[in-house]
Amino acid sequence: MNCWTFLSVIRRKMVKKNHHGGSKTLGKLFQFYLPTKTHRIYSCLHCRAQLASHDELISKSFQGSQGRAYLFNSVVNVNTSAAEERVLLTGLHEVADIYCDCCKTLLGWKYEHAFESSQKYKEGKFIIELVHMIKDNGWDDENIDESEYLKK
């Protein structure tokens, strides 16, 4: 069973007090939190919003525009831009940039369409660059001593 089935949604209201003593709801921020039984979580380095479970990691062998990147089956707390065609290291792809839902940092991209048959496995998958991720919750002590960043 997919761990995303057990996602819980936390709703926080942003409220602004006015000079009449009342309040006005400015909007709602919905943030997904992975289940508490989920260990080894990747989070946004800039705001610590949870992004993905280690269980959703497909590959650590990808290259982003700012260095190493990981390929994930699914992620949370991200928004996507409109898809566009780009020539990447592995050929022509249609991709959409992904941004952290909370701090709006550009994290990587989502593969919408692969034009070469050997690259079809990437469709619907997500790339997050290591420069924007931090390991949270349940990692071995050896990784914590080295650095919070994903340098290996």
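This is a predicted model: local features need pLDDT of at least 70, side-chain atom pairs count only at pLDDT 80 or more; totals for chains, interfaces and linings use all residues.
## Cys102 and the other cysteines

Cys102 is partly exposed, with a relative accessible area of 29%. Residues are numbered from 1 along each chain as its sequence is written, and side-chain values use heavy atoms, with hydrogens and water left out.

How many disulfides are there? A disulfide is a pair of cysteine sulfur atoms within 2.5 Å. By this rule the count is 0. Cys44 is in no disulfide; its nearest cysteine sulfur belongs to Cys103, 3.7 Å away. Cys102 is in no disulfide either, and its nearest cysteine sulfur, that of Cys47, is 4.7 Å away. Cys44 is buried, at a relative accessible area of 0%.

## A sheet of three strands

Strands (E, at least two residues) are DSSP runs, numbered from the N terminus. Two strands pair if DSSP finds at least two bridges between them. An open sheet is formed by 3 strands, in the order β4-β3-β12, with antiparallel pairing. Which strands stand at the edges? They are β4 (50-53) and β12 (133-136). Each has a single partner strand, so one side of each has no neighbour in the sheet. Neighbouring strands here are turned by 30° against each other on average, direction ignored. That angle comes from axes, which are lines fitted to C-alpha atoms; angles run from 0 to 180 degrees between N-to-C directions.

Strand β3 (residues 41-44) runs antiparallel to β4, joined by 3 bridges. Ser43 stands opposite Gln50 in β4.

## Strand β9 and its partners

Strands of a sheet pair through backbone hydrogen bonds, either parallel or antiparallel. Strand β7 (residues 78-80) pairs with β9 in the antiparallel sense over 3 bridges. There, Thr80 stands opposite Ile98.

Strand β8 (residues 84-88) is also antiparallel to β9, over 5 bridges. A hairpin joins β8 to β9 through 2 residues. Glu84 has Val95 in β9 as its bridge partner. Val95 also has a partner in β10, Tyr111.

Strand β10 (residues 106-114) pairs with β9 over 7 bridges, again antiparallel. β9 and β10 form a hairpin with 5 residues between them. In that turn, Lys104 has a positive phi of about 70°.

Terms used: Buried means under 20% relative accessible area, exposed over 50%, partly exposed in between (1.4 Å probe, protein chains only). Helices (H or I, at least four residues) and strands (E, at least two) are DSSP runs, numbered from the N terminus.
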